[in-house]
Amino acid sequence: MSTTPDSSVILSLDAHAGPGAESDALFESVARDFAAPLTRLARAHEADGALQQDLLQEIYLALWRSLPAFKNRCSMRTWVYRVAHNVAATHVLRAKRRKTNQLVTLDDVEIADVSTEAGEAIDEARTLARLMQLIQRLKPIDREVIILHLEGLSRDEIAEIAGLALSNVAIKIHRIKQLLARSFGGRENS
Amino acid sequence: MNVSSENLQQAWQRQALDAPRINLTYLRHHTERFQRRIRIRNAFEYLGGIAAILLVLSRWSYIQSRPLTFIGVALWVLATIYIMVQWHRRASAQPPAEQLGTLDALQFYRQQLVRQRDAVRDHWRRWLPPMAPGLVMVFIALFVEVQPIPWTKILAFATWIVFGVTMAVVNNARRVRAFQQEIDALDSMGNKT
């Protein structure tokens, strides 16, 4: 189901970093492999199209700068998501200072806040639009967990990326599933 | 329509495949922006120094007829040139090598941030001592060579110097904080594993 890159792929910058071409090639392969998930992440964090592009560029820039510190301490996928989420969280907090809309936790989000049209037949694009609206109402940490869950990452990976305890991630995912079931009328899967 | 969690995941992962292509050219351009900002800032520093010298020398007829004023201005001009040379040595923008890879580019960027932070930090300690003899001499000249003593001018001159030094110290402290934040951000990004 997952279209994200294989989490077992471990790349070593130490092995690849050398003057010029090889380390550049590493960045370019990472940028190519993670283009789609990072674009989705930027879209989930920022509703405005132009700001999405800015956020995406900031993520790539941070990624480029961070790769030399990678050193095989986790999978490349974990590393990329961690860097991307750090940048996105900063972006959200910066945007929050400009805007007045209140961010809420998974527990506090009200379904009425999202422009639901219960009972109507809705196509995938509208489902995704509603999902984006829902995600953009959440606080950064909850936003991070829901995005990683939607990207198909395991609880272990989410815990590692978000820096949360596994039990905490499990609780959050349970609440996310409840929230999604309430919002979209589906069944809650364990 | 009821949408299960799995369906949402699938829908989520199918979207947005118009991902833009980001390459190293863009990233290098971004890093060059930092270099360009430094070059522009330094150009303003040099132009400011030259403008100040020209402004003082525009009063040449006043200066050349008063020996102490002449010595004071000469010392001040030499100090200004010395400070500009020192600033260029410590804080000029250094172009990165064309073939820098990821690791080298990161190290270069951090190195440049540290260089700029160190150049700006306590900069006043490096420019105030060379300036002091010329300024003191100009003050003495105002007491000795101008009659009656121009108290208003002396007070205005002293106020301007105190204001200038204070603003420079405050502004440099702000710039040091900004450089340090960027260095910390780079370091923390690398340490979060």
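This is a predicted model: local features need pLDDT of at least 70, side-chain atom pairs count only at pLDDT 80 or more; totals for chains, interfaces and linings use all residues.
Reader: Which residues of the largest nonpolar core touch the most other members?

Author: Start with the general idea. In soluble globular proteins, nonpolar side chains tend to be buried together. Now this case. The largest nonpolar core holds 49 residues. A:Val30, A:Ile59, A:Leu63, A:Val80, A:Ala84 and A:Ile158 touch the most other members. Helix 5 of chain A, residues 76–98, gives the most to this core, with nine residues.

Reader: Where does this core lie relative to domain 1 and domain 2 of chain A?

Author: Between them, because both domain 1 (1–100) and domain 2 (101–185) give residues to this core.

Reader: What is A:Ile59 in contact with, beyond its neighbours within four places in sequence?

Author: Its partners are A:Leu38, A:Ala42, A:Ala84, A:Val87 and A:Ala88.

Reader: How many residues of helix 8 of chain A are buried?

Author: Six of eight, so helix 8 (residues 155–162) is largely enclosed by the rest of the structure. The buried ones are A:Glu157, A:Ile158, A:Ala159, A:Glu160, A:Ile161 and A:Ala162. A:Gly163 follows helix 8, with a positive phi near 75°.

Reader: Now chain B. Is B:Val73 buried or exposed?

Author: Count the neighbours. The cut-off for buried is 20 or more other C-beta atoms within 10 Å. B:Val73 has 23, so B:Val73 is buried. B:Val73 sits in helix 4 of chain B, residues 67–91.

Reader: What does B:Val73 touch, not counting residues up to four places away in sequence?

Author: B:Val56, B:Ile63, B:Gly134 and B:Val138. Take B:Val138. B:Val73 and B:Val138 are 65 residues apart in sequence, yet 6.9 Å apart in space, C-alpha to C-alpha.

Note on methods
Residues are numbered from 1 along each chain as its sequence is written. Chains are lettered from A and ligands numbered from 1 in the order in which they are written. Helices (H or I, at least four residues) and strands (E, at least two) are DSSP runs, numbered from the N terminus. A residue is buried if 20 or more other C-beta atoms lie within 10 Å of its own, exposed if 12 or fewer, and partly exposed in between; C-beta atoms are placed from the backbone. Two residues are in contact if their C-beta atoms, placed from the backbone, lie within 7 Å. A nonpolar core is a set of buried Ala, Val, Leu, Ile, Met, Phe, Trp, Tyr and Cys residues joined through C-beta atoms within 7 Å. Domain bounds come from an automatic or database domain assignment.
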